[in-house]
Each structure stands twice: as structure tokens, then as C-alpha cells.
There are 2 protein chains.
Amino acid sequence: MAEKKLVEAITSMSEDFAQWYTDVVKKAELIDYSNVKGCMVIKPAGYAIWENIQRQLDERFKATGVENVYMPMFIPESLLNKEKDHVEGFAPEVAWVTHGGLAPLQERMCVRPTSETLFCDFYKGDIHSYRDLPKVYNQWCSVVRWEKETRPFLRSREFLWQEGHTAHATAEEAEARTEQMLNVYADFCEEVLAIPVVKGRKTEKEKFAGAEATYTIEALMHDGKALQSGTSHNFGDGFAKAFGIQFTDKDNKLKYVYQTSWGMSTRIIGAIIMVHGDDSGLVLPPRIAPTQVMIIPIQQKKEGVLDKAYELRDRLKGFKVKVDDSDKSPGWKFSEQEMRGIPLRVEIGPKDIEAGKCVICRRDNGEKIEVALDELESKVGELLDQVQADMLAKARKHLESHTYVATNREEFEKLFAEKSGFVKAMWCGERACEEEIKEKMSVSSRCMPFHQECLSDKCAYCGKPAKKMVYWGRAY
Amino acid sequence: MAEKKLVEAITSMSEDFAQWYTDVVKKAELIDYSNVKGCMVIKPAGYAIWENIQRQLDERFKATGVENVYMPMFIPESLLNKEKDHVEGFAPEVAWVTHGGLAPLQERMCVRPTSETLFCDFYKGDIHSYRDLPKVYNQWCSVVRWEKETRPFLRSREFLWQEGHTAHATAEEAEARTEQMLNVYADFCEEVLAIPVVKGRKTEKEKFAGAEATYTIEALMHDGKALQSGTSHNFGDGFAKAFGIQFTDKDNKLKYVYQTSWGMSTRIIGAIIMVHGDDSGLVLPPRIAPTQVMIIPIQQKKEGVLDKAYELRDRLKGFKVKVDDSDKSPGWKFSEQEMRGIPLRVEIGPKDIEAGKCVICRRDNGEKIEVALDELESKVGELLDQVQADMLAKARKHLESHTYVATNREEFEKLFAEKSGFVKAMWCGERACEEEIKEKMSVSSRCMPFHQECLSDKCAYCGKPAKKMVYWGRAY
């Protein structure tokens with residue numbers, strides 16, 4: 001009876017997707033709620049995923065010339081107030097430090113919700129000449145936003161992220177960097193996380209506070225809701241003018257710099273869960289899995305079985321492999337490996353050893369493959385590649401089959417009433433129309449995709465002349 | 001004239017060590033002061049050192065079974081108050097968050113100065129049975145202590161560190177882990193940072209707030225002052241009792257866990273600077289240097305010179321190599337490479353190319369070595385190993401030649417009046433004696449070294465019967 005508890009305790013996705021999500025997050029031991037309201041404890045299994053994300057994303061950043069730095073976590077109120085749109089966007093949701101030690105502060109400071117203002121303040125003192133440009137800096141840190149409703153990974157008062165902040169001599173260079181980093185995010189999602197994304201630009205309404213343009217990658221979760229998975233902002237010279245960041249150019253003239261910022265956060269772990277997970281728990285793509293292969297000995301008390309399991313582990317040292325040699329039953333171990341989303345399970349028992357083979361079970365589709373022991377290394381390598389490719393293909397198919405087209409209001413409303421997914425539709429470009437859609441239907445514009453199609457010449461919602469094709473969706 | 005500015009701008013160590021330190025930190029571009037009082041901006045050259053420390057220390061941690069996690073950065077006041085000694089130690093120097101968004105908080109929270117209380121609160125809910133033990137968790141994060149006087153790396157209101165927090169079934173296991181982690185720190189300092197340390201136990205007066213025992217590694221800076229470089233605390237079951245962290249043992253009895261914590265911070269970068277630096281700037285041990293070899297082309301406008309420099313870089317791809325192909329003069333580039341502490345400089349010009357050789361200059365001792373180009377890879381490898389070994393030997397010699405022995409008060413006072421360094425002396429073990437020494441002489445007990453010697457049978461300061469040999473010193 002106890003054997004099945006782990007699996008039984010999970011709500012099925014079709015029954016209650018939100019509860020399924022919470023169950024997976026808890027049962028796969030990714031996070032724990034903490035007594036600090038709205039904040040979470042990221043447990044080893046969750047943090048190991050974040051470490052893998054960090055390492056691989058950081059490598060991709062550095063290949064484009066990014067350098068890491070660290071800025072203070074506090075922002076004096078006067079600094080936050082320097083850029084008008086920015087402070088309006090963030091001031092309502094920051095945490096304020098008012099006392100240091102036993103004394104009140106002369107000026108209160110917020111804990112950074114994002115660090116544009118700190119980087120600007122730094123760049124103002126550090127940039128003098130065109131020789132000092134570009135600055136392509138990034139930091140890995142935690143930020144705080146005082147959210148009222150919180151959900152593990154998706155929305156919490158404190159979360160981990162990276163934030164890149166760059167300064168350039170020309171508007172063109174800043175635009176190129178903004179797009180480059182969006183592509184880094186998109187490629188990372190597809191190649192490492194097996195999550196296909198839609199790349200595009202946010203509308204004026206949805207863009208970042210203080211940005212000229214915000215680019216985004218939008219992913220589609222299993223329940224048909226969208227998740228904004230990474231953003232890249234072009235600030236033009238707006239912050240530079242607010243903060244007075246100038247440099248002497250080659251022509252000896254004083255000019256303002258052009259800036260960008262871009263970020264990806266622990267939110268993306270929520271995407272991994274909701275794109276790939278199933279009713280048995282987490283399903284991790286091999287390239288991000290902290291453990292890629294779990295070897296589970298069958299009848300492990302029989303002589304030679306555990307030794308064989310360790311031997312296989314040692315032979316697979318090019319991969320991330322563990323042996324579950326605990327005193328639980330094989331069935332229990334299978335459930336745990338499934339719940340934790342470990343891509344491959346190797347089953348090895350006395351009969352297998354005698355026959356010189358083992359059974360490999362794929363987490364993503366349940367397929368069982370008999371493998372000769374002397375082919376183990378190459379087969380595991382092949383299978384991990386196959387799992388990675390198949391997971392991306394499956395997610396892409398889901399994205400495509402859940403992307404609909406609406407050309408008039410009836411279709412638009414019907415699709416959101418009956419289906420869940422993205423709806424592609426033409427839009428008039430007017431904020432009032434977008435706001436009405438959001439208010440009446442709880443649907444937001446996800447992005448104006450870079451890949452534009454002409455679906456009709458009228459706004460699908462209001463019928464005015466169309467300006468842009470937009471991806472619409474309900475979102476996390 | 002401008003050529004020499006970089007070097008001239010540094011104060012010499014002998015003239016004013018404190019100013020020399022500040023100059024190096026600024027000129028080597030490790031940090032910048034920020035407009036957030038008491039906080040610093042860690043610039044790319046400084047952060048790259050921290051990344052190398054993180055990566056290598058983290059690897060050593062994981063080899064001992066450590067798992068990384070992430071706890072909230074806020075501690076509710078009631079949680080901080082749970083362990084009496086601990087709150088007394090930290091409450092006077094924390095930053096308090098009193099408002100979230102636009103509303104005052106029901107209970108104020110401090111930004112973590114250290115996370116014992118958060119880990120305890122988590123462990124209380126997460127540990128039930130002996131099967132859940134040990135917990136060997138660590139986190140990399142920033143912490144805040146509201147210091148009045150601050151200095152780059154050595155003391156700032158916010159700093160980066162790692163903090164390990166473990167829970168064990170027995171007191172013996174906790175003690176073993178405390179010692180194990182101290183040894184990890186000591187080995188890391190010696191093997192990677194080329195900094196020899198004295199290992200020992202802190203006195204009751206100097207131990208961590210809430211600990212039963214604090215172990216420390218103490219390093220000696222070039223000016224003869226000590227720097228506490230890493231600490232490891234055994235809490236016994238004190239925190240467990242304050243927080244109620246209990247587990248059911250194999251004998252089915254409810255027991256309290258035994259805990260430890262241990263940390264190393266960005267402070268250690270201060271030690272690297274002050275142990276190895278010289279009047280030309282920073283000197284980095286090869287194993288921690290972000291750039292190990294700087295190739296500087298001579299007469300780089302002559303045909304083939306830059307190409308040769310790039311070719312050498314590509315051949316040295318097993319090392320961290322850069323070419324300085326900027327339009328500065330070679331002399332200026334030499335000064336910069338020296339200021340930044342890059343271990344080896346490769347000089348390559350038209351005559352060298354013709355002769356099939358180059359000149360390698362060691363940063364640590366200025367030695368110039370002519371090397372045949374076809375032996376470059378092996379020679380660079382050998383030289384980096386040699387520099388690493390020689391830097392440790394030199395630092396060890398300095399530590400030994402600046403460690404003195406006092407057997408009575410006259411000697412003790414004379415040594416601190418005339419010399420700078422550690423003074424080994426017997427101590428009565430009484431807090432009042434230790435406090436008098438600190439008050440009258442500004443000298444603190446650094447540690448009771450594990451390696452005890454019997455220098456006399458009386459306390460060198462008060463003459464009472466001796467209990468322990470202590471390392472005394474002036475400290476950062």
C-alpha cells in the first residue's frame with residue numbers, strides 16, 4: 001500500500017492543473033513553502049536545475065562578450081525616482097528598508113526589484129569616452145517584488161534571476177544587442193530546455209517600465225496558458241538622459257549612450273514543469289537534468305547485483321548517473337525516479353546479469369528497451385539525445401496544435417471560450433482595444449511576433465484597419 | 001609621461017599600506033565605490049576572481065556531499081529572536097524592512113546577516129526521521145551587516161559569501177563535519193590561493209554568536225596584520241533546542257539534531273591582494289587568475305606580429321590567455337598587465353619571430369625567460385606551476401618569519417610595539433585577561449591553534465597558570 005503513495009498523492013493534470021502543478025513542485029522536492037510569507041525555499045533538486053540553467057546560460061552569455069559584475073542590493077529612494085516611467089512601474093511593489101542597525105536611515109532604500117537605476121548610476125561615473133564602450137555587463141542575483149498572490153517559481157516575493165545591462169555608442173548597436181540576447185534566450189529554451197517559443201515584441205501597454213521596446217519569448221504550457229519566459233529591452237537613450245550618462249565620441253562630441261537590459265529568472269523552472277510534466281510527475285530534458293540516469297537494482301540483496309549496478313555507474317561516468325541503493329522496493333524507486341523526472345532508468349537484476357543485458361526505461365514516453373551490457377555507454381548516449389529531440393518535437397507539436405487563428409470577433413471570442421492556447425489575430429494597434437480585450441476576456445497580447453502574417457486587413461476584435469498580427473493568450 | 005601614470009598613481013606599500021590597498025583595488029579595477037553608502041560595485045576583474053573561487057570551492061564542497069539550496073533573504077523579527085545569543089550578536093547590525101509596497105508590514109523583517117535561523121526553521125519542518133539525516137546544505141548569496149566603517153572586500157554593508165548549514169544525528173558527526181569543512185577551506189587557501197593559514201579554535205570571547213565552538217583559519221597579510229579567512233562553527237544542539245528540531249532515531253526515540261555552519265566570503269579577495277600584491281599592483285596566483293597569460297605584441301603594426309600573437313594564443317588554448325592588441329604602447333600594456341596581476345606576460349616582436357622565440361616575464365618575481373616558440377605550451381604550463389608553488393613558498397616564509405614567541409609580558413608588549421605579525425604565547429584561559437589585552441594593546445586572540453606547543457607554564461600576559469597556546473595579532 002505504502003508503495004503507491006507517492007504516485008497516488010498527485011492530482012491528475014486533467015482534473016486540476018493548478019493542483020497538479022503544486023503537487024509536482026512539492027513531491028519532486030523542488031521547493032518548500034517558507035514561513036517568510038510569499039518567499040520559497042529552493043531545495044536541492046530544484047536548485048540543481050537552476051545551477052544547470054545558470055551554467056549553460058552563462059556560457060552562452062560569455063560567448064557573446066558578456067562580463068559578470070555585482071551591484072548593491074539596495075536602491076536609495078532618490079535613485080529609484082530618477083526615471084519617471086520606471087519608478088511608476090516599480091514603486092508600488094518594492095520592499096523598503098527604513099532602519100540600519102538601531103537607527104533610522106536618513107533616506108529609505110528599497111531592495112532592488114531590478115537594477116536599471118543602479119547600473120545607470122554606475123555607468124554615469126564609469127563611462128567617459130567611446131573607448132569605454134560598449135559595456136556588456138550581467139549579474140546573477142535575487143530581486144524582490146512585493147506580490148500579493150504568489151505561486152512557486154511563477155510568482156514569489158523574492159526570486160533568482162540574471163539581469164544584463166549594456167551601454168552602447170549608437171542606437172543601432174543597442175538594438176542589435178537587444179535582439180541578440182533575445183535569440184540567446186530562445187536558442188537556450190529550444191536547445192537545452194526543449195521548449196519552443198514565439199519571439200516577438202511587446203505592445204506599448206505590455207512593455208517594461210522605462211523601455212522604448214521590449215522583446216519577449218513566449219512559451220505555451222500544457223494547459224494552453226502562456227508563460228513569458230525571457231525579455232530583452234531596448235531603452236534607447238531614455239535612461240541615459242534621465243541619469244546623464246554621456247561620452248565623448250570619436251568626433252569629440254558629447255553624446256548620450258544607448259542602453260539595453262535583459263533577464264531570465266527561476267520562473268523558467270515553472271515552464272519546464274508545465275511544458276513537459278505528466279501525471280507521474282516531473283519530466284526533465286536530459287540537457288538540464290541534474291541526474292540523467294538512475295540505475296535501479298532489482299533483488300539487490302542477491303550477490304553481485306549491487307556490485308554490477310556500481311560497475312555500470314562507473315562505466316557511465318560521462319553522464320550524470322546515480323544508483324538508488326536505498327532499502328526501498330524497486331517499485332517505490334521507480335515511482336521516485338519518475339516523480340523526479342530523471343530521463344532514463346536502468347533496471348538491472350540477477351536474470352539480466354546472467355543474460356548480459358539490462359532494461360532501460362525512458363521517462364518521457366515510458367518505452368522500455370533491452371540493451372546488451374557491452375553496448376550500454378553508446379546506447380545511453382543515443383537515448384539521451386533521442387529523448388531530448390523527442391521532447392522538443394512533442395512540445396513543438398503541442399504549441400502548433402494549440403495555436404489558432406481568428407479573423408473576427410466572433411471567432412476570437414469563441415476560440416477563447418472553447419479552446420486553450422494562443423490565438424493569432426490582426427490588431428488595430430490601439431491601446432483602448434487591447435485594454436478592452438484584457439478587461440472583458442482576461443486575455444492579454446503576448447507579443448507581436450517577428451514573423452508577421454497577414455491574416456486579414458481588419459482588427460479581429462474591433463474591425464478597424466489592422467496594423468499588426470498579435471499572439472493573444474491567457475497567461476501566468 | 002602618460003605612459004607611467006598607471007604605476008605612479010599607486011602609493012608604495014611601505015609608505016602607506018592602507019592607501020596602497022585602496023589604490024590597488026581601484027587601479028586593478030576590482031571594485032568601485034557606489035552611491036549606496038557602505039556598499040561596493042564588484043567590477044568584472046573582481047567578480048571574475050570571485051567566480052573562480054566559487055567554482056573551485058563549490059567543487060570541493062560537492063566532493064564531500066554538500067548540496068546547494070536557496071533560502072529567503074528576509075528573516076521575520078520573531079524568527080531572529082529565537083536563539084538568545086544569536087540575536088544579541090546580530091540584531092544591532094541588521095537592516096530592517098518595514099514596508100512592502102505601499103503598506104507597513106505587520107511584522108518587520110531583517111535582511112539576512114547570516115541564515116542560521118532560516119535553516120533551523122526549514123529543518124524543523126523537513127527533518128522527521130534518522131533517514132532524513134544528515135542534511136548537508138549550502139547556499140551562495142549576499143548578506144547584509146550594517147557596519148559603520150567599511151573597506152572594499154574587507155568590510156562592507158553587503159557582501160557575497162557561501163554559508164553551509166548542516167544537521168546530524170550525533171554530536172560526533174557534527175564535530176567531524178565542522179573540522180572537515182575547516183580543512184576544505186585551509187586546503188583551498190593553500191592549494192589554490194597560495195595562502196598558508198593557521199588553523200585553530202576561537203576563544204569563548206571570539207566565537208560566533210550561538211556556537212559551542214568556532215574554528216577558524218587565520219592568514220597573515222603583508223603588513224603583519226591577521227585576516228580571519230574562513231570559519232566553521234559547531235552548534236551542538238543549542239539551535240535545535242531553541243527551534244525544536246527533533247527526529248526519531250533508529251531506537252525509536254525522539255532526539256535533537258546537532259548542527260554546524262561554515263562560511264567564506266568575498267573578504268578572501270582582500271587576503272589575496274594583501275598577501276601577494278606588490279608596489280606594481282595585484283599579483284594573482286595562476287589557479288585563481290581570470291587571465292593567466294597576457295600576450296603583448298611588440299611593434300604590432302609590423303606585418304605578421306599580430307597574426308603571430310593570435311597564433312600563440314590559439315596554441316595556448318588549454319590556459320586562460322588574452323592578446324592585448326589595443327592601440328596602447330607596449331610599456332603601457334606591461335604596466336596594466338602588472339597592475340592586474342596577470343601571472344605571465346609573453347612578449348613577441350619582429351626580432352623574436354625571426355629568431356623563433358619569445359620572452360616570458362613572471363609577474364611574481366619579474367624574472368624574464370627566453371623560450372623557443374616550439375616549446376611554448378609546455379613551458380607556459382611549467383611556469384604557471386612554478387609561479388603557483390613559489391608564491392605559496394614566499395607567503396609561507398613571510399608567515400613563518402613574522403610569527404614570534406613571547407613568554408612574558410615584557411616580551412609580549414615589546415613584540416607588538418616593535419614587530420608586526422603573529423605572536424604565539426601561552427594564555428591562562430580567562431576572559432578578563434584576554435579583554436585587557438584587547439583593550440590595552442588592540443591585540444586580539446586569533447585562535448588556539450590545533451597544533452599546540454608548550455612554550456612555558458605561565459600565561460605570558462598575567463602570569464597565571466597557562467592553559468592554551470594562543471596566536472595573538474592585530475587584525476582586519
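## Salt bridges between two domains

A salt bridge is a side-chain nitrogen of Lys or Arg within 4 Å of a carboxyl oxygen of Asp or Glu. By that rule, domain 1 of chain A and domain 3 of chain A share 2 salt bridges. Glu218(A) and Arg446(A) form a salt bridge, with their closest N and O atoms 2.9 Å apart. That distance lies within the 4 Å limit. The model is predicted.

## How chain A is divided

Chain A has domain 1 (15-276), domain 2 (293-386) and domain 3 (404-473). UniProt, in an unreviewed entry, places the feature "domain: Aminoacyl-transfer RNA synthetases class-II family profile" at residues 44-285 of chain A. Over residues 44-285, the chain is 33% helix and 32% strand. The end C-alpha atoms of this stretch are 18 Å apart.

## Where domain 1 meets domain 3

The C-alpha centres of domain 1 and domain 3 of chain A are 28 Å apart. Domain 1 brings 19 residues to the contact, and domain 3 brings 16 residues. The size of an interface is often given as the accessible area lost when the parts come together. Here, domain 1 and domain 3 of chain A bury about 1500 Å² between them. Carbon and sulfur atoms account for 65% of that area.

On the domain 1 side, strands E9 (198-201), E10 (213-220) and E11 (226-236) of chain A each supply at least two residues. E10(A) gives the most, with 5 residues.

## Where chain A meets chain B

In the contact between the chains, 50 residues of chain A touch 50 residues of chain B. The two chains bury about 4200 Å² between them. Carbon and sulfur atoms give 62% of this area.

Chain A and chain B are joined by 6 salt bridges. The side chains of Asp327(A) and Arg131(B) form a salt bridge at 3.3 Å, N to O. Strand E5 (residues 95-100) of chain A provides the largest share of the side that touches chain B, with 6 residues.

## How the two copies are related

## Backbone exceptions

Most residues other than glycine have a negative phi, and most peptide bonds are trans. Some places in this model depart from that pattern.

The peptide bond from Leu133(A) to Pro134(A) is cis, with omega near -5°. Pro134(A) sits in the loop between helix H6 (116-126) and strand E7 (135-144) of chain A. In chain B, a cis peptide bond joins Leu133(B) and Pro134(B), with omega about -5°. Phe153(A) is not a glycine, but has a positive phi of about 70°. Phe153(A) lies in the loop between E7 and strand E8 (158-168) of chain A.

How values were computed: Residues are numbered from 1 along each chain as its sequence is written. Chains are lettered from A and ligands numbered from 1 in the order in which they are written. This is a predicted model: local features need pLDDT of at least 70, side-chain atom pairs count only at pLDDT 80 or more; totals for chains, interfaces and linings use all residues. Side-chain values use heavy atoms; hydrogens and water are left out. UniProt positions are given in the numbering used here, feature names are shortened, and annotations may be inferred rather than shown by experiment. Helices (H or I, at least four residues) and strands (E, at least two) are DSSP runs, numbered from the N terminus. Domain bounds come from an automatic or database domain assignment. Contact means heavy atoms within 4.5 Å. Buried area is the accessible area (1.4 Å probe) that two parts lose on being put together, summed over both.
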